[in-house]
Amino acid sequence: MTGGHSGRQAYTGVPRWLYALAVLAALVVVLPLAAMVARVNWANFIPLVTSAPALAALGLSLRTAAASTALCIVLGVPLAVVLARGRFPLLGLLRSLVLLPLVLPPVVGGIALLYTFGRQGLLGSTLEVLGLQIAFSTAAVVLAQTFVALPFLVVSLEGALRTGGQRYEAVAATLGASPGTVFRRVTLPLVLPGLASGAVLSFARSLGEFGATLTFAGSLQGVTRTLPLEIYLQRETDPDAAVALSLVLVAVAVAVVALAYRRPGGRGPDGKAGKQASGERPTTAAAPGGALT
Amino acid sequence: MRGNRKLAAVLPALLAVLLATALPGCAGGGAAAGSSTLTVFAAASLKSSFTELAERFEAENPGTTVTFSFAGSADLATQLNQGAPADVFASADAGTMAKVQEAGLVDGEPRDFATNTLAIAVPPGNPAGIRSFADLAKAGIKLVACAEQVPCGAAAASVEDSTGTVLSPVSEENSVTDVLGKVISGEADAGLVYVTDVRSAGGRVESIPFPEAGAAVNPYPAAVLAGSSNKAAAGRFLDLLAGPEGQEILAAAGFGPGSR
């Protein structure tokens, strides 16, 4: 935000009329949030957000979002590496398909999951034989969240991998490191900031998941009713509670976004990276946030 | 680079096309001059019967077009409280209508034009072998019901109370259509829905009526709204609802008769 002192001293190359539209754009996002904050019933705020259903929903949301973020990392890192470094036909098609949940309405994701993991679904009968029932369970919530959040991690990480380049990896390989060692000792430490921001974004997306959960997992206190679903339900009878809980979710989201888009200069969550890389300098190339575009 | 520059050159044209396609859509509801529009906010369960009724109404009132907004009653009430323009509100429960009335948005008294009762919906073939309301409480039965915050859930709760049965659903949904969806997809062994929902689902679910449902007969009130600019037409729409034609269409959809 260097807009304050544009104009005279330094050439910024931003036409003035662009600022007007930029302000309008910012208002589109900020105004509704401000309007919501204005409606918060502060006198009852604490009781509203600490009611048993609200706490159950918050706890469930945090647990499931953490689980799906872990799943996103376990599955998303290999996928991002393959997409960034792999050479095989139909790679572009695979990438487009993997990114699909970013633009798909969540309810469509829910329907797709239903026909995959539901009782009558593609894998449903197999899972039932194994004694696994996904529908109406917390596992269904985690699956729905992973489905919508995975692209965030993959996009962030793939961007970091691409901007990071392969020079260090190539050097490590010429020094005799096996591909596995290169991946663990060079590639991963280099992209750790990108991975961290991707993971934080995945967590945020998981926390906000609503449509796929509602369609696929159902809604039961403590089991599948996450905070967004609780808000949706409270809104029917208690708008004050819905607004208060929305504010909680906004606060968490703000914290998460702030964490993900921290300035690259500040010590990121990659404190360990330097040591692990043992001599490799984590370059600024893989700055967090430079990834999502 | 060159490609990008070309793209930048056509960008304004592209924007113009986008706006041109979007604007008529945004303006929406701009009815043809000379004719009047009756806007009806109605509970989602009334969709098929009200759509049929509107055709009769338009035939009997040339020049008047009926437009609908079908959604959950509570959603519609919220929209009305926020100033949504409408002529008629038809709610799926008395409580929601009372809220709209308390807000001073209703003209005159609401009229109960229909009733709805609960039914058990099961997937075709009734794989879990449900026979009665008490069966729903059996262990291992995957029952889906409405949350108590919404009318269908409140009705289910009062049947539970009157029978002393304690149900433990695997999911408490926000709307009766969500419950029905989970029965149709075969995820649930049984769902507590309204008789009219089973009727509208056709052969995709089987219905198990239960006498205990009589403990929670749900009246549907409708009212002319105070902000209506077309109260005469709105009143005629309510008359049609409560009259023989309206009652016949509603009965065909599975609704019980209204009281007024």
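Helices from both chains meet around the second largest pocket of this predicted model. Chain A contributes α11 and α12 (239–260), and chain B contributes α3, α4 (94–102) and α5; each of these supplies at least two residues of the lining. The most comes from α12(A), with 5 residues. In total, 25 residues line the second largest pocket. Closest to its centre are A:R235, A:P239, A:D240, B:T78 and B:Q82. The volume of the second largest pocket is about 630 Å³. Within chain B, domain 1 and domain 2 each give at least three residues to this lining.

The largest pocket holds about 760 Å³ of space. It has 37 lining residues. Nearest its centre lie B:A44, B:S45, B:V176, B:T177 and B:D197. From chain A, α11 (227–237) supplies at least two residues of the lining. From chain B, the elements that do so are α2 (47–60), β2 (64–71), α3 (73–81), α5 (151–163), α6 (176–184) and α7 (195–200). The largest share, 6 residues, belongs to α6(B). Domain 1 and domain 2 of chain B each provide at least three residues here too.

The structure holds 1 cavity of 30 Å³ or more. The volume of the largest cavity is about 70 Å³. Its lining includes A:F117, A:R119, A:L127, A:E128 and A:I134 from chain A, and B:K142 and B:E187 from chain B. Helix α6 (residues 124–129) of chain A gives the most to this lining, with 3 residues.

| Space | Volume | Lining by class |
|---|---|---|
| Largest pocket | about 760 Å³ | 18 nonpolar, 11 polar, 8 charged residues |
| Second largest pocket | about 630 Å³ | 10 nonpolar, 8 polar, 7 charged residues |
| Largest cavity | about 70 Å³ | 5 nonpolar, 3 polar, 4 charged residues |

Now the fold of chain B. Chain B is divided into domain 1 (36–115 + 219–257) and domain 2 (118–216). Their C-alpha centres lie 27 Å apart. The contact between them takes 8 residues from domain 1 and 5 residues from domain 2.

One open sheet of chain B has 6 strands, in the order β2-β1-β3-β10-β4-β11. Its pairing is mixed. The edge strands are β2 and β11 (256–257), and each pairs on one side only.

Which strands does helix α8 of chain B touch? Helix α8 (residues 231–242) packs on the sheet and touches β1, β2, β3, β4 and β10 of chain B. Its direction makes about 160 degrees with that of β10(B). Another helix, α4(B), lies across β3, β4 (106–116) and β10 (218–225) of chain B. It runs at about 175 degrees to β4(B). The helix α4(B) also gives at least two residues to the lining of the second largest pocket.

A further open sheet of chain B has 5 strands, ordered β7-β6-β8-β5-β9. The pairing is again mixed. At the edges are β7 (171–173) and β9 (206–208), each pairing on one side only. Direction ignored, neighbouring strands of this sheet are turned by 35 degrees against each other on average. Between β5 (residues 118–122) and β8 (residues 190–194) of chain B there are 4 bridges, and the two strands run antiparallel. B:A121 stands opposite B:G191 in β8(B).

Two helices pack on this sheet. α5(B) touches β5, β6 (143–146) and β8 of chain B, and its direction makes about 100 degrees with that of β5(B). α6(B) touches β5, β6, β7 and β8 of chain B, at about 145 degrees to the direction of β8(B).

Both helices return in the pockets. α6(B) gives the largest pocket the largest share of its lining.

Note on methods. Residues are numbered from 1 along each chain as its sequence is written. Chains are lettered from A and ligands numbered from 1 in the order in which they are written. This is a predicted model: local features need pLDDT of at least 70, side-chain atom pairs count only at pLDDT 80 or more; totals for chains, interfaces and linings use all residues. Side-chain values use heavy atoms; hydrogens and water are left out. On a 1 Å grid over the protein atoms alone, a cavity is a set of points where a 1.4 Å probe fits but cannot get out, and a pocket is an open set with protein on both sides within 12 Å along at least five of seven lines; lining residues have an atom within 4 Å of a point. Grid points are joined across faces, edges and corners, and a volume is the space filled by probe spheres set on the points. Ala, Val, Leu, Ile, Met, Phe, Trp, Tyr, Cys and Pro count as nonpolar, Asp, Glu, Lys and Arg as charged, and the others, Gly among them, as polar. Domain bounds come from an automatic or database domain assignment. Two strands pair if DSSP finds at least two bridges between them. Contact means heavy atoms within 4.5 Å. Axes are lines fitted to C-alpha atoms, for helices over the stretch in contact, and angles run from 0 to 180 degrees between N-to-C directions.
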